[in-house]
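Open the model in your viewer and keep the sequence panel beside it. This tour tells you what to select at each stop.

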Amino acid sequence: RNNLLRKEVYVTELGWPTGPHGVSETDQANYLVRSYTMALAHRIQRLYWFNLYDWVRRPWEGEFGGHTGLMDSAYRPKAAYAAYN
């Protein structure tokens, strides 16, 4: 009635931190693939991964977003980098 089925749905920040207080790099890649698959199944038009690289060098320091990158702080690709590709 309100045309809600025609509205686009975006997920603007998606990510899992790796390291001691997060998930393994393999799990991060698996969650990425699962999330994009679920998004397609539910007709979500856009899904944005947060972030390209870890901006926090030490894995035990920093906040959630500092370790969600597809690459680590030295720009070494994580497993999620290949999964995203």
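Start with the contacts of the whole protein chain, where contact means heavy atoms within 4.5 Å. Among contacts between residues at least 6 apart in sequence, 45% join residues at least 24 apart. This is a predicted model: local features need pLDDT of at least 70, side-chain atom pairs count only at pLDDT 80 or more, and totals for chains, interfaces and linings use all residues. Residues are numbered from 1 along each chain as its sequence is written, and side-chain values use heavy atoms, with hydrogens and water left out.

**The whole chain**

Show the cartoon. The protein chain has two helices and two strands. Along the sequence they follow the pattern β-α-β-α. Helices (H or I, at least four residues) and strands (E, at least two) are DSSP runs, numbered from the N terminus. The C-alpha atoms fill a box of roughly 50 × 20 × 20 Å, taken along the principal axes.

The accessible surface of the protein chain is about 6300 Å², and 53% of it belongs to carbon and sulfur atoms. Areas come from the Shrake-Rupley method with a 1.4 Å probe; for residues, only the protein chains shown count as cover. Of the 85 residues, 29% are buried. Buried means under 20% relative accessible area, exposed over 50%, and partly exposed in between (1.4 Å probe, protein chains only).

**Stop 1: Lys-78**

Select Lys-78. It is in the loop between strand 2 (46-49) and helix 2 (79-84). Is Lys-78 buried or exposed? Lys-78 counts as buried because its relative accessibility is 3%.

The side chains of Lys-78 and Thr-18 are joined by a polar contact of 2.8 Å. A polar contact is a pair of N or O atoms within 3.5 Å; within protein, one must be able to donate a hydrogen and the other to accept it, and residues adjacent in sequence count only if both atoms are side-chain atoms.

Lys-78 and Asp-54 form a salt bridge, with the closest N and O atoms 2.9 Å apart. The two residues sit in the loop between strand 2 and helix 2, 24 residues apart. Both Lys-78 and Asp-54 are buried. A salt bridge is a side-chain nitrogen of Lys or Arg within 4 Å of a carboxyl oxygen of Asp or Glu.

Leaving aside neighbours within four places in sequence, its contacts include Glu-25, Gln-28, His-67 and Asp-72.

**Stop 2: Arg-76 and its partners**

How many salt bridges does a search of the whole structure find? The search finds three. Select Arg-76 and Glu-25. Their salt bridge has its closest N and O atoms 2.7 Å apart. Arg-76 is in the loop between strand 2 and helix 2, Glu-25 is in helix 1, and 51 residues separate them. Arg-76 is partly exposed at 39% relative accessible area. Glu-25 is partly exposed at 27%.

Asp-72 is buried, with a relative accessible area of 16%. Through shared partners, salt bridges join Glu-25, Asp-72 and Arg-76 into one network.

**Stop 3: the aromatic rings**

A search of the whole structure finds five aromatic pairs. Rings of Phe, Tyr and Trp (its six-membered ring) pair if their centres lie within 6.5 Å; planes under 30 degrees apart count as stacked, over 60 as edge-to-face and the rest as tilted.

Select Trp-16 and Trp-49. This pair is tilted: 6.1 Å centre to centre, with 40 degrees between the planes. Trp-16 lies in the loop between strand 1 (10-14) and helix 1 (25-41) and Trp-49 in strand 2, so the pair ties together parts 33 residues apart in sequence. Trp-16 is partly exposed at 25% relative accessible area, while Trp-49 is buried at 11%.

Move to Tyr-36 and Tyr-84. Their ring centres are 5.9 Å apart and their planes are at 85 degrees, so the pair is edge-to-face. Tyr-36 is in helix 1 and Tyr-84 in helix 2, 48 residues apart.

Finally, select Trp-16, Tyr-31 and Trp-49 together. Ring pairs link these residues into a cluster.
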